[in-house]
Amino acid sequence: MIYNEIKLHNIKYIYRILIITHDEKYDNSLKKTLTQKLDNITLCSTSNLQNALTTLHETKIDVILLDSNTLEIHNEDFIKLLKLLTPVILLLDEQHPLFAQRDTIAIDYIIKPCTPQQLVNKLTLYMKTLRQQKLLELKIEEQNQLLIQQSKMASMGEMIGNIAHQWRQPLNALSAINIKLYFLYQQNLLNDKIMEDTHKKTNTIIQKMSETIDDFRNFFQPNKEKKFFSIKKLLQDAINFVEDSYTENNITLINTITEDVIIEAFESELKQVILNIFNNAKDAIKENNIQKGIVSIAIEKTSQHIIIIITDNGGGIANEILQKICEPYFTTKTKNKGTGLGLYMSKMIIEESMLGKLTLENYNDGVKTTITLPSCLTYDEIQEQSL
Ligand SMILES: Nc1ncnc2c1ncn2[C@@H]1O[C@H](COP(=O)(O)OP(=O)(O)OP(=O)(O)O)[C@@H](O)[C@H]1O
Ligand SMILES: [Mg+2]
């Protein structure tokens, strides 16, 4: 049994009943019967519908007992009362004009005059249903809370994993700079220029590390906004980010992008995706000891889409795992080299956030990654539209 259910079983629920009648004697006899026969209720009463509506707005009522003598047909307050969610049980005279419609107007009815037992039976049955309904509501609420919590935890885990992933490279770069600087210092080779360059370089790296956190924070904020940006610039930024480590690993980056295209999308997320693909290409080239690594990037534009194509010569992906590479935590890399979230996150960003498509296939001596994004505009088209 779940927590709320236990809570509900242990708590004695007090049902609040509102009696509406302008017959004072009838009101008293109803109250007397109900308090004698039922011990889990509180009662209140009013003599007209208007007061009843006020009471309903001020107090939580579980069920209304409405004496039909209080009613006139087409009474607007009655219509309002029925529209509220509180269930109404009618106490009906057979002569009342609403008698013919008794099955359709309120949730239930009792024909007057009735015995006290009939009234109590009806209410007991109703209270049982109400209890079950409340139990169900609590269960659903508890399950929803659990789901929200789980998805929050999963997002947090992913976010931390991705920051760690994006930070590994700049951390290595900072560490290399640190070692180099100390070495130069020991050899007495430090000079103003080296210090100046190192200062600039480390600053840029630290800035990028800080941006990574901001990017991720933005990604997990629900109100992320799409904006217009240049694809060419975004790709160039991503290239700048990996350039150093590509050079270090003897990888040439061939950029064949000429035409610029403006798209409306989530900029930092798209940058993230491109970086994941660049990193995967580099890892494959390193892993397979490819002496002359080549990664190319190109853009194609159709009337409906912008297509970004990235190819590498890192040896490709074994056919038996090709279907699995976008699953969360799927990795062929050793523990501290890969989390297995890169492509999963990338696919989610492209296909769920941006309504595009991300595919990977073996191509020549490596992998071809294709990102297709919906509708795009060239600079000229944007200018034309703003005229
Ligand atoms: N360009 C590629 N060439 C060869 N294999 C690739 C390439 N891109 C992805 N893969 C394979 O797909 C797997 C999953 O990639 P993914 O980016 O999701 O995770 P990862 O790179 O292992 O870890 P990380 O979460 O750190 O990115 C990789 O472990 C690798 O086996
Ligand atoms: Mg990866």
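Colleague: Which element supplies the largest share of the shell around ligand 1?

Modeller: α9 does, with four residues. Helices (H or I, at least four residues) and strands (E, at least two) are DSSP runs, numbered from the N terminus. Before going further, note that this is a predicted model: local features need pLDDT of at least 70, side-chain atom pairs count only at pLDDT 80 or more, and totals for chains, interfaces and linings use all residues. Residues are numbered from 1 along each chain as its sequence is written, while chains are lettered from A and ligands numbered from 1 in the order in which they are written.

Colleague: How many residues surround ligand 1, and which are the closest?

Modeller: A residue is near a molecule if its C-beta atom, placed from the backbone, lies within 6 Å of it. Here 21 residues surround ligand 1, and the closest are Asn280, Thr331, Gly338, Gly342 and Leu343. Both α9 (267-287) and α10 (342-353) supply at least two residues of this shell.

Colleague: Which residues of the largest nonpolar core touch the most other members?

Modeller: In soluble globular proteins, nonpolar side chains tend to be buried together. A core is a set of buried Ala, Val, Leu, Ile, Met, Phe, Trp, Tyr and Cys residues joined through C-beta atoms within 7 Å; buried means 20 or more other C-beta atoms within 10 Å of a residue's own, exposed 12 or fewer, and partly exposed in between. The largest core here has 34 residues, and Ala238, Ile263, Val273, Ile274, Phe278 and Ala281 touch the most other members. Two or more residues come from each of α8 (231-248), β8 (261-265), α9, β9 (293-301), β10 (305-312), α10 and β12 (366-374). The most come from α9, which gives nine. Another core, of 18 residues, lies apart from that one and includes Ile20, Leu49, Phe78 and Leu81.

Colleague: What does Ile274 contact, leaving aside its neighbours within four places in sequence?

Modeller: Contact means that the C-beta atoms of two residues, placed from the backbone, lie within 7 Å. On that reading, Ile274 is in contact with Leu235 and Ala238.

Colleague: What is the strand order in the open sheet of five strands?

Modeller: Strands pair if DSSP finds at least two bridges between them. The order is β2-β1-β3-β4-β5, and the pairing is parallel. β2 (41-46) and β5 (108-111) are at the edges with a single partner strand each, so one side of each has no neighbour in the sheet. Neighbouring strands are turned by 20° against each other on average, direction ignored. Axes are lines fitted to C-alpha atoms, for helices over the stretch in contact, and angles run from 0 to 180 degrees between N-to-C directions. Helix α2 (residues 24-37) packs on this sheet and touches β1, β2 and β3 (63-67), with its direction at about 175° to that of β2. Strand β1 (residues 15-20) is joined to β2 by six bridges, and Ile20 has Thr46 as its bridge partner in β2.

Colleague: What are the partners of β9, parallel or antiparallel?

Modeller: There is one of each sense to describe. β9 pairs with β10 in the antiparallel sense over seven bridges, and a hairpin of three residues joins the two strands. Within that pair, Ile299 stands opposite Ile308, and Lys301 has Ile306 as its partner. β7 (residues 251-255) pairs with β9 in the parallel sense over five bridges, with Asn255 bridged to Ile297. β10 also pairs with β12, antiparallel over seven bridges, where Ile306 stands opposite Leu373.

Colleague: Is Ile257 partly exposed or buried?

Modeller: Ile257 counts as partly exposed because it has 15 C-beta neighbours inside 10 Å. Its place is the loop between β7 and β8. Leaving aside neighbours within four places in sequence, Ile257 is in contact with Lys232, Leu235, Ile297, Ala298 and Ile299.

Colleague: And Asn40, exposed or buried?

Modeller: Asn40, in the loop between α2 and β2, counts as exposed because it has 10 C-beta neighbours inside 10 Å. The C-alpha atoms of Asn40 and Tyr13 are separated by 6.8 Å, although these residues are 27 apart along the chain.
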